[in-house]
Amino acid sequence: MTEPDLAAYVASREQLLDQLRDVLLEDLRLAIPREQIEPDTPLFGTGLALDSIDAVDLIVGIERRTGVRISDDQAGRLGLRSVNMAINYLLAAKREAA
């Protein structure tokens, strides 16, 4: 990967991280500081402790903000295990759409 490609990739990841943080803080109204939502944070269970209702709001918020549809299959479910996995899922979906 060339330096410009790497810079574009990092910028894309940072943009998606910001969008995901916006969904979590604005749509799901999590009462935590923005900085505590780190890329390795699990979305469910021991991480942010989201539940099944939160999952629906999360999916709707992500789809609305990014334009990427989250599939209702194993890939979609695995893609929402952590913040990083969601970003990876979104990047892959955007690459496929291009």
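Which residues on the other side of helix H2 are exposed? They are Ser52, Ile53 and Arg64, where exposed means over 50% relative accessible area, buried under 20%, and partly exposed in between (1.4 Å probe, protein chains only).

This is a predicted model, in which local features need pLDDT of at least 70, side-chain atom pairs count only at pLDDT 80 or more, and totals for chains, interfaces and linings use all residues. Residues are numbered from 1 along each chain as its sequence is written, and side-chain values use heavy atoms, with hydrogens and water left out.

**View 1. Length of helix H2 (residues 52-66).** Helices are DSSP runs of H or I with at least four residues, numbered from the N terminus. The expected span is 1.5 Å times one less than the number of residues. For the 15 residues of H2 this gives 21 Å, and the end C-alpha atoms are 21 Å apart, which agrees.

**View 2. The buried face of H2.** Asp54, Ala55, Leu58, Gly61, Ile62 and Thr66 are buried in H2. Seen down the helix axis, the buried residues fall within an arc of 135°, so they line one face; the arc is that of the directions from the axis to the C-beta atoms. They pack against helix H1 (3-27) and helix H4 (83-97).

**View 3. The two ends of H2.** At the N-terminal end, aspartate 51 is the cap, with a side-chain oxygen 3.1 Å from the backbone nitrogen of isoleucine 53. Just after H2, glycine 67 has a positive phi of about 80°.

**View 4. Surroundings of leucine 24.** Leaving aside neighbours within four places in sequence, leucine 24 is in contact (heavy atoms within 4.5 Å) with residues including Leu43, Leu50 and Leu58.

Terms used: A polar contact is a pair of N or O atoms within 3.5 Å; within protein, one must be able to donate a hydrogen and the other to accept it, and residues adjacent in sequence count only if both atoms are side-chain atoms.
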